[in-house]
Every structure is written in structure tokens, then in C-alpha cells.
Amino acid sequence: MSQEIQPQSSTVDVSIPSVARMYDYYLGGKDNYAVDREACDELSKVVPSTQVLALNNRRFLRRVVRWLAQEHGIRQFVDHGSGLPTQDNVHQVAQQVDPDSRVVYVDNDPIVLAHGRALLEENANTAVIQADMRDTEGIFGHPEVERLIDVKEPVAALFVSVLHCIPDADDPAALVRRVAERLVPGSFLVVCQLVSEDAATRDFVTEFMRVSTHGNWGRVRQEHELRAFLDGLEIQEPGLVEVSTWLPDASDVGPEQLTKEWIEFGGVARKP
């Protein structure tokens with residue numbers, strides 16, 4: 001790991017755009033600041049599909065959690081880089097299937113910790129922890145994770161639209177492998193990230209976000225790179241796809257992404 005894991009700050013820096021708050025703005029949330037909105041507006045000038053992409057990514061998260069809970073009986077979820085609470089959060093979707101489902105949210109943004117804890121005050125089966133998602137040992141050794149997650153039983157580890165925040169030097173593929181190694185066979189990993197097959201788009205967005213977030217960013221990648229993150233795992237049907245096409249639900253249809261300069265690409269893998 002190229003960057004030493006630093007203690008997490010409890011201070012919200014409103015002078016630097018936050019990926020979590022930018023995502024909140026694209027979803028129509030209120031937990032964002034002028035600096036986040038300005039960054040989103042500048043980004044959308046070059047990649048105008050970004051808000052639609054974010055909305056469809058959220059719908060994918062709902063579908064995949066419901067599918068894991070209903071079709072595979074998963075009752076434990078660890079959501080890496082969870083972002084700010086919004087509608088139909090992981091615990092709400094999973095607990096509609098089984099109220100005993102247990103969820104841990106992980107994010108390094110202090111505003112996520114504050115808002116998440118307020119939301120979950122009366123939900124004993126759910127917790128939010130502030131941690132660097134690269135710190136697998138610290139996360140799985142956290143008291144709240146140890147309280148809620150039984151690693152002797154199947155777990156769903158979620159990396160939904162967050163791996164592009166990890167630079168190549170910190171090896172996101174190794175992160176996915178480390179988490180998979182912690183889980184028993186029959187567990188699942190949900191992985192998606194921003195990809196583009198257009199070099200100009202990849203370069204612009206990567207540099208724009210790196211500068212805007214003061215280095216809290218990784219890279220827009222290509223589809224084949226994400227596939228390599230899941231080597232050794234069993235990719236579930238319908239495979240790795242643009243996420244709005246992953247087991248679409250007629251009752252939850254999102255807006256169509258009219259331009260495809262970049263997409264959210266991913267799916268679900270099972271640990272054999």
C-alpha cells in the first residue's frame with residue numbers, strides 16, 4: 001500500500017469537494033456544499049451523463065441488495081465507501097426482506113459518520129464506522145464489525161462506485177482480494193466503478209477529480225481492468241455490465257443514459 005493509513009479526521013472541510021457529497025448532490029440530496037455543487041457542474045459540462053449515471057447506479061445498489069437477500073439468503077452486508085444516507089439504503093432494502101439483516105457502512109468522510117449515526121440511532125442491527133476502505137484489517141477488527149458481522153457465515157462485501165477513488169499505487173485489485181480472503185465460501189462481492197473506453201474522457205475526469213479533491217481520487221479505468229479485480233471468483237449472471245442493464249426491474253426503471261462517454265460498469269461475484 002503506497003499510502004500509510006492515517007487516523008480519520010472528525011473535521012468537515014467545506015473548501016474541498018468530497019466525492020460522497022458530490023454523489024449526494026447528483027442524487028438530489030441536501031448534504032452538500034457550494035464547493036461540491038460547483039465541482040459537479042464543471043464535471044457535467046464535459047461528461048453530461050453523470051447525474052443519470054449516478055441515479056442508475058443507486059438503482060443498481062437497491063436491486064443487487066434485494067437479489068442477494070431474497071435469492072441467496074444473505075443477511076450480512078459490509079458497504080465500503082457507502083456515502084451519505086439517502087433513500088433505500090442498504091439496511092432498509094435488506095431489512096425489508098429480513099428485519100434481522102445486519103449492515104455495516106464504512107466511509108472516511110466525517111459528515112457520513114455524523115449523518116449515518118443519526119439515521120441509525122434506533123437500529124441495533126446497523127452501524128456506520130469512519131475508516132479508510134483500504135484498511136481491511138482495521139475494518140474487520142472494528143468493534144462494530146465484530147459485533148454485527150459473523151465472518152463464519154456468508155457476507156456480501158459491497159464496493160459500489162468507489163474503486164475509482166483508489167489510485168493504482170494502492171492496488172484496488174489487491175483490496176478486493178484481501179476482503180474476499182476474509183470471507184467464507186458462498187459470500188459475495190459487489191463491484192462496480194466508473195469506466196470509459198475513450199482515453200480523452202478517462203484522462204480528463206481522472207485529472208479533474210484528482211485536482212478538485214486534492215488527491216482523494218484514483219482513476220477512471222477500462223472494462224478489462226475491472227474484470228481482473230475479480231479473478232478467481234465466480235461472476236454471476238448476467239456478468240459484468242453497464243449497471244442499468246444488470247437484472248433490470250420494470251418497477252424501478254431509471255432515466256436512460258443518452259451519452260456513453262463513461263459508464264458505471266460492474267456486477268456480482270461469488271466466492272467458491
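User: Thr213 first. Buried or exposed?

Analyst: This is a predicted model. Thr213 has a relative accessible area of 1%. Buried means under 20%, so Thr213 is buried.

User: Where is Thr213 found?

Analyst: In the loop between helix H9 (199-212) and helix H10 (223-229).

User: What does the side chain of Thr213 reach?

Analyst: The backbone oxygen of Met209, at 2.7 Å.

User: And which residues is Thr213 in contact with, leaving aside neighbours within four places in sequence?

Analyst: Ile16, Pro17 and Val19.

User: Switching to H2. Which residues are buried there?

Analyst: Val35, Asp36, Ala39, Cys40 and Leu43. They cover an arc of only 135° around the axis, so they sit on the same side of H2.

User: What covers the buried residues of H2?

Analyst: The cover includes helix H1 (19-26), helix H3 (50-72) and H9.

User: Which exposed residues are on the face turned away?

Analyst: Glu38 and Lys45.

User: How does the span of H2 work out?

Analyst: H2 has 13 residues, 34-46. At 1.5 Å a residue they should span 18 Å. The end C-alpha atoms are 19 Å apart, which agrees.

User: Now the whole protein. How many helices and strands?

Analyst: Ten helices and eight strands.

User: What about the radius of gyration?

Analyst: The protein has 17 Å. A compact globule of 272 residues would be near 19 Å, so the two agree.

User: How many of the residues count as buried?

Analyst: 55% of the 272. As for contacts with a separation of 6 or more, 73% come from residues 24 or more positions apart.

Note on methods
Residues are numbered from 1 along each chain as its sequence is written. This is a predicted model: local features need pLDDT of at least 70, side-chain atom pairs count only at pLDDT 80 or more; totals for chains, interfaces and linings use all residues. Side-chain values use heavy atoms; hydrogens and water are left out. Helices (H or I, at least four residues) and strands (E, at least two) are DSSP runs, numbered from the N terminus. Buried means under 20% relative accessible area, exposed over 50%, partly exposed in between (1.4 Å probe, protein chains only). A polar contact is a pair of N or O atoms within 3.5 Å; within protein, one must be able to donate a hydrogen and the other to accept it, and residues adjacent in sequence count only if both atoms are side-chain atoms. Contact means heavy atoms within 4.5 Å. The expected span of a helix is 1.5 Å times one less than its number of residues. The arc is that of the directions from the helix axis to the C-beta atoms. The radius of gyration is taken over C-alpha atoms; the globule rule is 2.2 Å times the number of residues to the power 0.38.
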